[in-house]
Amino acid sequence: MTKALPQFVLKNEPTAEETAFFQEYGYIYYKGFFDLQTEIEPVQHGIHDLLSRLLSIKGYSLERQGFSLGEFDSGLQELLKKDRAAVGQLYDMCKALPCYIALAAHKKHEIVSRALLGSSLVGFAPRGYGIRMDHPNEEKFLTQLHQDYISQLCSQHGVVFWSPLRHTDQPLGPVKIFLKSHKDGVFPIIKHEHSSKGLQIQNEDALRNRFECITPEVGVGDCVIIHYLTLHESSPNLTQKTRWAMLSRYFDFNHPSGAAYGWKGGIQEGNFFDQVHPELTVLADAGSP
Ligand SMILES: O=C(O)CCC(=O)C(=O)O
């Protein structure tokens with residue numbers, strides 16, 4: 001049976017207790033973080049409409065149910081079978097939905113990240129936002145064990161907001177979060193190639209065993225906030241539906257780690273971990289760092 005995990009409800013800003021929880025465990029769960037009707041539904045509606053647009057451009061007449069909160073992506077599984085590349089196009093289209101962008105940059109993210117990070121000055125990680133689609137039985141795009149800092153690089157002190165558009169229970173594949181791992185700093189990386197997949201945490205299995213792992217089921221409208229240094233990874237989607245999740249990232253301008261190299265962005269901006277941290281990088285076919 002899954003262990004019941006603490007859930008908080010955000011009032012105006014995080015309380016001292018919530019901040020202390022986040023700083024101790026490296027994550028926090030907020031129930032009802034987004035309003036279903038005014039904040040979530042427009043994004044789901046937008047996705048539904050984009051899918052219709054894509055199907056019509058492609059000339060596919062797939063059978064679709066009308067929009068509902070649970071079935072906003074009706075027709076997607078058929079499209080996956082018919083034309084996987086078109087689904088990749090949908091992935092890019094979703095990120096451009098104005099109602100989603102407004103949510104990703106919503107003031108409450110700034111308020112919450114300031115409080116959790118104890119910073120008066122936070123930034124919105126450029127190109128650190130997006131909507132993940134994890135399809136049934138498709139493992140290629142699942143994230144491996146990682147710390148977000150490795151690919152974001154703006155600052156070691158940051159947070160990622162993770163909020164699903166479909167209720168994420170165990171079969172749909174919650175994020176695995178390794179509690180308190182943020183306290184150990186940046187872990188050394190084995191560099192295989194120039195991509196986030198190519199950056200592998202050294203001694204992955206030993207780290208998985210060292211920290212307690214949780215897999216929080218997350219409801220639509222709820223949000224899990226994870227520290228940039230907390231180890232986490234995807235779990236597989238074992239259902240027949242796509243797992244949808246919105247992510248956005250905020251970082252602390254006041255932390256010395258970002259200031260040291262001018263808050264350079266990460267992989268999306270063409271900057272790589274080994275350029276900033278040669279002392280923590282080992283090449284795949286070399287010895288220890
Ligand atoms: O949604 C997931 O499974 C993990 C997402 C994640 O860690 C990431 O995109 O950096």
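Q: What does the secondary structure of the protein chain come to?
A: In this predicted model, the protein chain has 10 helices and 12 strands.

Q: And how does the radius of gyration sit against that of a compact globule?
A: The protein chain has a radius of gyration of 19 Å, which agrees with the value near 19 Å that a compact globule of 289 residues would have. Along the principal axes, its C-alpha atoms fill a box of roughly 55 × 50 × 40 Å.

Q: How much of the chain is buried?
A: Buried residues make up 37% of the 289 residues. As for contacts with a separation of 6 or more, 80% of them come from residues 24 or more positions apart.

Q: Switching to the open sheet of 3 strands, what is the strand order?
A: The order is 8-5-10, and the pairing is antiparallel.

Q: Which strands stand at the edges?
A: Strand 8 (213-214) and strand 10 (232-233) do, and because each has a single partner strand, one side of each is left without a neighbour in the sheet.

Q: How many bridges pair strand 5 and strand 8?
A: Strand 5, which covers residues 176-178, pairs with strand 8 over 2 bridges in the antiparallel sense, and Ile177 has Ile214 in strand 8 as its bridge partner.

Q: Now the ligand: which residues surround it?
A: The ligand is surrounded by Arg132, Thr143, Asp148, Val175, His232, Ser234, Ala245 and Leu247.

Q: How do the residues of that shell divide?
A: The shell around the ligand divides into 3 nonpolar, 3 polar and 2 charged residues.

Methods. Residues are numbered from 1 along each chain as its sequence is written. This is a predicted model: local features need pLDDT of at least 70, side-chain atom pairs count only at pLDDT 80 or more; totals for chains, interfaces and linings use all residues. A residue is near a molecule or strand if its C-beta atom, placed from the backbone, lies within 6 Å of it. Ala, Val, Leu, Ile, Met, Phe, Trp, Tyr, Cys and Pro count as nonpolar, Asp, Glu, Lys and Arg as charged, and the others, Gly among them, as polar. Two strands pair if DSSP finds at least two bridges between them. Helices (H or I, at least four residues) and strands (E, at least two) are DSSP runs, numbered from the N terminus. The radius of gyration is taken over C-alpha atoms; the globule rule is 2.2 Å times the number of residues to the power 0.38. A residue is buried if 20 or more other C-beta atoms lie within 10 Å of its own, exposed if 12 or fewer, and partly exposed in between; C-beta atoms are placed from the backbone. Two residues are in contact if their C-beta atoms, placed from the backbone, lie within 7 Å.
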